[in-house]
Amino acid sequence: MSQKRNTILFVSLSLLLLMALLLNISFGQVAIPIKEIFKSVFGSEASKETWEYIIINFRIPKAITSILVGIGLSTCGLLMQTLFRNPLAGPYVLGLSSGSSVGVAFVIMGASILPSFVSEIVLSQYGIIFASCLGSFLVLLLVLMVSQKLRDTATILIVGLMFSSFASAIVSVLTYFSTAEQLQKFTFWSMGNLSNVSWTNIGILSITVLFGLVLSLFSIKALDTLLLGENYAKSMGLNIKKTRYTIIVATSVLAGSITAFVGPIAFIGLAVPHLSKLLFQTSNHKILFWSTLFIGAIIMLFCDMVSQLPGFDFTLPINAITSIIGAPVVIWLLVRKRSLV
């Protein structure tokens, strides 16, 4: 009965994902009929040349980016919540987002002291992506170094929060000495943006997300074992340090690459794993892993649709939309569970 129910749920999620994808491409400042989308995708020309240009160069890349962001951050949330046995752990709990923010803040707010030709390079799209990756990577190295010294997984969580606080303090200092123009640019980056990802960047992001997902797949059995506690996992022959290392690297690859290309995206990684557990009513990570991918992609596509409602000449910040949707979900979960284990 449970197997039949899970099959029905996965089929429903697949259809919902397809519908969300089509609606995401159709919606926007210019509404495009769904049949025109099929024409463009399957080789026929759309009725209007502008429609085809918008579909191929803007809507489809943004929809693919939304899916990659949704599945990547949701998987990170599932890994972190199981590793730390903390329902409020998310993709950025290790301080990776803060590390990226420091890198971007140094570039945006410190580029003015560099020669003009160097400043133009570092302030380019790839310069900001590189700075974000570098900041995230440095935090990852520090976390991995600390994780080798510590036996208690919960302590790593505290260390990650301390890294995050330290990085936030550095950003605050840089912000204090920055100009209004620099502040505005950094604020726009921190709001997240799914629209500026080119096909080349999508290829790079796809490879990094796929790599992170493969590492996560190798950790599924270990995650099931960790649910019963580290002492039980050790008695079952699980190598705790190796498992912890693999999970941290997988989370870092996923969260770090996504933050580098689209900026920090809140609440998706925190809320989606809980929704998946509530929907499928299981703690089996073989089921939770795939259900989290589907639900994360669907919610991210939906959030992107809300941010660009038809008939409006502006696009709302994606980070604001995910927070508006995600925060009530987390509050509801807290009220529903009453006590967190």
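These legends accompany several close-up views of one predicted model.

The model is predicted, with local features requiring pLDDT of at least 70 and side-chain atom pairs counting only at pLDDT 80 or more, while totals for chains, interfaces and linings use all residues. Residues are numbered from 1 along each chain as its sequence is written, and side-chain values use heavy atoms, with hydrogens and water left out.

**View 1**
A pocket is an open set of points on a 1 Å grid over the protein atoms alone, where a 1.4 Å probe fits, with protein on both sides within 12 Å along at least five of seven lines; its lining residues have an atom within 4 Å of a point. The lining is made up of 31 residues, and G192, N193, L194, S195 and N196 lie nearest the centre. By class there are 16 nonpolar, 11 polar and 4 charged residues (Ala, Val, Leu, Ile, Met, Phe, Trp, Tyr, Cys and Pro count as nonpolar, Asp, Glu, Lys and Arg as charged, and the others, Gly among them, as polar). At least two lining residues come from each of α3 (49-83), α6 (125-149), α8 (180-190), α12 (240-262) and α14 (285-307). Helix α3 gives the largest share, 4 residues. Helices are DSSP runs of H or I with at least four residues, numbered from the N terminus.

T65 belongs to helix α3 and is buried, its relative accessible area being 0%. Buried means under 20% relative accessible area, exposed over 50%, and partly exposed in between, with a 1.4 Å probe and protein chains only. Beyond residues up to four places away in sequence, T65 touches L194, V197, I202 and V262, where contact means heavy atoms within 4.5 Å. S132 sits in helix α6 and is also buried, at a relative accessible area of 0%. Neighbours within four places in sequence aside, the contacts of S132 are S100, V104, W189, T259 and A260.

Q81 is part of helix α3 and counts as buried at 5% relative accessibility. Apart from neighbours within four places in sequence, Q81 is in contact with N86, P87, A89, G269, L270, P273, H274 and K277. Helix α13 covers residues 268-280, and its 13 residues reach 18 Å from first C-alpha to last, close to the 18 Å expected at 1.5 Å a residue. That expected span is 1.5 Å times one less than the number of residues. The buried residues of α13 are I268, G269, L270, A271, V272, P273, H274, S276 and F280.

**View 1**
Most residues other than glycine have a negative phi. Q281 lies in the loop between α13 and α14 and is exposed, with a relative accessible area of 62%. R85 likewise has a positive phi, near 50°. R85 lies in the loop between α3 and α4 (96-110) and is partly exposed, at 48% relative accessible area.

**View 2. Helix α4 and its surroundings.**
Helix α4 has 15 residues and reaches 21 Å from its first C-alpha to its last, close to the 21 Å expected at 1.5 Å a residue. Because 14 of the 15 residues of α4 are buried, the helix is largely enclosed by the rest of the structure.

**View 3. I247 in helix α12.**
I247 is found in helix α12 and is buried, with 0% relative accessible area. Setting aside neighbours within four places in sequence, I247 is in contact with L79, M80, L83, S219, L223 and L226.

**View 4. Aromatic rings.**
Rings of Phe, Tyr and Trp (its six-membered ring) pair if their centres lie within 6.5 Å; planes under 30 degrees apart count as stacked, over 60 as edge-to-face and the rest as tilted. By this rule the count is 6 aromatic pairs. One of them, Y176 with F177, is edge-to-face, at 5.1 Å centre to centre and 90° between the planes. Both Y176 and F177 are exposed. Elsewhere, F10, F280 and F294 form one aromatic cluster.
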